[in-house]
Structures are given as structure tokens and as C-alpha cells.
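Dear colleague,

I am handing over a structure that will be new to you, and it is shown just below. After it you will find notes on what was found when it was examined.

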Amino acid sequence: EIETELNPQSLLKCCLATEQQLHRKREIRWGPRTLDVDILLFGDQIIEQDNLSVPHPRMKERSFVLIPLNDIATNQIEPISNKSIGQLVVTDN
């Protein structure tokens, strides 16, 4: 059952349910996977809970995350660095 109120924990529950419905297997931590649904940001909140860290702790290191995020939210502020997503994207010449 998925909650209707949007809060970080209900969103996480929805993400995990989506992964399960699409047959995500969690066999090896950080190992290969067919699907990975992560919460990158939740507004301007900084969340540190046992089962959830937002902003995603490795988001700024991953161009495959930042480049598409920049396409849809270039002015969104990443609350730990206080920089916009557009400022976090490293240009590659």
C-alpha cells in the first residue's frame, strides 16, 4: 500500500515498490542492477535517516545523474553545497 501524502519516507516507499514491481534484485550492494530509483533531492531539505540520505550522497560525482537533472532543473539549489545543479555540472571539452 502506497501512502498518498508526499513526504520523504512515503516517496522512498513508492520508489522501492516501483523497483519491486519491475523485478529489481538487490543481491550485491552497489553491484550491477537492472533498475535503480533514487531520490536525488526533496525540495531544499537535507535528510539523514537510517534508510534515506537526501540529497543523494553521490549525486554530485555522477555525470550520468547530473546531466539529465540539469536538463530539467538547472536552477534547483543543491542544499549542501548551496549551488545550483547547473553550477555542479562539470563541462567536458
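Among the elements that cover the buried residues of helix α1 are β1 (47-49) and β2 (52-54); here helices (H or I, at least four residues) and strands (E, at least two) are DSSP runs, numbered from the N terminus, and buried means under 20% relative accessible area, exposed over 50% and partly exposed in between, with a 1.4 Å probe and protein chains only.

Before going further, please note that this is a predicted model, in which local features need pLDDT of at least 70 and side-chain atom pairs count only at pLDDT 80 or more, while totals for chains, interfaces and linings use all residues. Residues are numbered from 1 along each chain as its sequence is written, and side-chain values use heavy atoms, with hydrogens and water left out.

The protein has three helices and four strands, which follow the pattern α-β-β-α-β-β-α when read along the sequence. Of its 93 residues, 29% count as buried. Among contacts (heavy atoms within 4.5 Å) with a separation of 6 or more, 33% are accounted for by residues 24 or more positions apart.

To return to α1, the residues of this helix that are buried are Pro8, Ser10, Leu12, Cys15, Ala17 and Glu19. After α1 comes histidine 23, whose phi is positive, near 65°.

In helix α2 (residues 63-73), the buried residues are Val65, Leu66, Leu69 and Ala73. Seen down the axis of α2, these fall within an arc of 85°, so they line one face of the helix; the arc is that of the directions from the helix axis to the C-beta atoms. Phe64 and Asp71, on the other side of α2, are exposed, whereas the cover over its buried residues includes α3 (85-88).

Lastly, a search of the whole structure finds one salt bridge, defined as a side-chain nitrogen of Lys or Arg within 4 Å of a carboxyl oxygen of Asp or Glu. In it the side chains of lysine 60 and glutamate 78 meet at 3.9 Å, N to O. The pair links distant parts of the chain, 18 residues apart, with lysine 60 in the loop between β2 and α2 and glutamate 78 in strand β3 (residues 77-78). Lysine 60 counts as partly exposed, at 37% relative accessibility, whereas glutamate 78 is buried, with a relative accessible area of 1%.

With kind regards
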